[in-house]
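Welcome to this short tour. Open your viewer, keep the selection tool handy, and we will go from stop to stop together.

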Amino acid sequence: MMRRLITALGGLGAVVALGLAHFQAQAENDSDPLGERTGGATTVHANGRNAFSFPLANLSDDERARFVVGNSFFRRNWVEAPASTTARDGLGPHFIARSCGGCHVQDGRGAPPDFRAGLRPPHDPTVGLLIRLSVPGVGEHGGVVPDPVYGDQFNNAAIQGVRPEGRVAMHWTPVHGRFADGTRYTLQQPHYRLTDLGYGPLAPGVKLSPRVAPHLAGVGLIEAIPSRDIERNAAEQAAQPGPIKGQPNRVWDAFAQQMMIGRFGWKANVATLAHQTAGAFLGDIGITSRTHPHEACTPRQKDCLAAPRGGAAASQAASGVAVEIDDRTLGDVVFYQATLAPAARRQAADPQVVRGQQLFAQAQCATCHRPSYVTEEGPFPHLSSDKLRQQRIWPYTDLLLHDMGEALADHRPDFAANGRQWKTPPLWGVGLIRDVNGHQRLLHDGRANGVLEAILWHGGEAELSRRHVLQWSRADREALVAFVESL
């Protein structure tokens, strides 16, 4: 079938050929040409509310026990210090959620508030949609420079005796358009501002970058994609004609203590799950760790600096550093995320889905959303499982940064990423977000309501793909969406 598909699409041009070359090479060398086992032997056959929450299908019994422990610390709320629950105290002083699961509900995706519901409580967006802050300049290791008063992330909640940093206000303006067949559509352009500021004004020129929490299933396999494959993606795109020229982000990793290729975050500004998890514990929940031993309080936030700390005695005994989560517990939470299984594809042989796969290639989507890889050992074997190795996986991403146009730009540099660049997000699991989280808000700030709206927001290097879709009939548009939602 794959050979017929490729033959039928011959002559579409060099850039299309690049994407098809990946399809062809992988199809001929793999016993799973439709990519139904999205994570190879790790794949689970799941749907519904818990589709993102299963362990890898091939985990051992001992690893499943560790998965359960990590799940417990991922989902349960942390509490203010001092508390009798010393293993889980130290919440805040500033925070936006009380647990990892507060943003990644059911290990799934966050969302902005429904623009039709307004922002009065309980519709505050700063859960599942956080606002990153930075001022012009280049920080340590080439990263961002935080706002001097509010730091690198805006937190709308605080423990007793500490002021919250403020609130996030949003409004939306409609963007109208029309397909070639006359069908009208309307997108909603979000706008953000920060109000009720607890510590005075923001710095002049501060940049705001809204970002929703992504779904987590399969992230351990993403971490196990060989770096040379990501670099090869960039080299192949650079050698081809046309506008698509992705580049890897290169970021500082606190666990590896070196610069690495970024894979996580909407701008690929994080290299490993360990770094991402420790950073989220500090930034989102206010929990310190050995790599992030100091609370995220700036010198102007005196009440934050004076707030009580938690967990110090227990963590100091375990790791030698007085922090609120010890190395072992943090490692269990990292292991839990690394071993969340991707769900198998659905309806891969359905004629509409097969037609959508042809259109996916025709519109050059496969150039950036590269279908498949073979994994190798990840960066920290003690924080993941060897069951992740040597798996043929189908995440549909090149993990590169691309200019996505002015409409999506946040104008905020982040290591090598500029203000118009975003990482190609993996597409696996997109069709299950509605089952797990009750919505399908896509893109970095959740502005797109579904796959088709996400495509219509594409610009920059992806402008040609968007124009392809604008010319298609309703049936072809629906086929493309059906294919993406099958992944």
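First stop: select Cys297, which is buried, with a relative accessible area of 14%; buried means under 20% relative accessible area, exposed over 50% and partly exposed in between, with a 1.4 Å probe and protein chains only. A word on what you are looking at: this is a predicted model, in which local features need pLDDT of at least 70 and side-chain atom pairs count only at pLDDT 80 or more, while totals for chains, interfaces and linings use all residues. Residues are numbered from 1 along each chain as its sequence is written, and side-chain values use heavy atoms, with hydrogens and water left out.

Cys297 and Cys304 form a disulfide, with their sulfur atoms 1.9 Å apart; the term stands for a pair of cysteine sulfur atoms within 2.5 Å. The torsion about their S-S bond is about -65 degrees, so this disulfide is left-handed. Cys304 counts as buried too, at 1% relative accessibility. A search of the whole structure finds one disulfide.

What about other cysteines? Select Cys103, buried at 8% relative accessibility. The closest cysteine sulfur to that of Cys103 belongs to Cys100, 8.6 Å away, which is too far for a bond. Then try Cys365, buried with a relative accessible area of 14%. Its closest cysteine sulfur is in Cys368, at 8.7 Å, again too far for a bond.

Next stop: Thr38, in the loop between helix H2 (14–28) and helix H3 (61–75). Helices here are DSSP runs of H or I with at least four residues, numbered from the N terminus. Is Thr38 buried or exposed? At 1% relative accessibility, Thr38 counts as buried. Leaving aside neighbours within four places in sequence, Thr38 is in contact with Thr43, Pro342, Ala343, Ala344, Arg345, Arg392, Ile393, Trp394 and Trp428, where contact means heavy atoms within 4.5 Å.

Last stop: colour helix H11 (residues 351–362) and helix H16 (residues 474–486), whose axes come within 7 Å and cross at roughly 95 degrees. Axes are lines fitted to C-alpha atoms, for helices over the stretch in contact, and angles run from 0 to 180 degrees between N-to-C directions. H11 and H16 are therefore roughly perpendicular to each other, a label for angles of 65 to 115 degrees. To see the contact, show the side chains of residues including Val353, Leu359 and Phe360 of H11 and Leu480, Phe483 and Val484 of H16.

Key
Helices (H or I, at least four residues) and strands (E, at least two) are DSSP runs, numbered from the N terminus. Angles under 35 degrees count as roughly parallel, over 145 as roughly antiparallel, 65 to 115 as roughly perpendicular and the rest as oblique.
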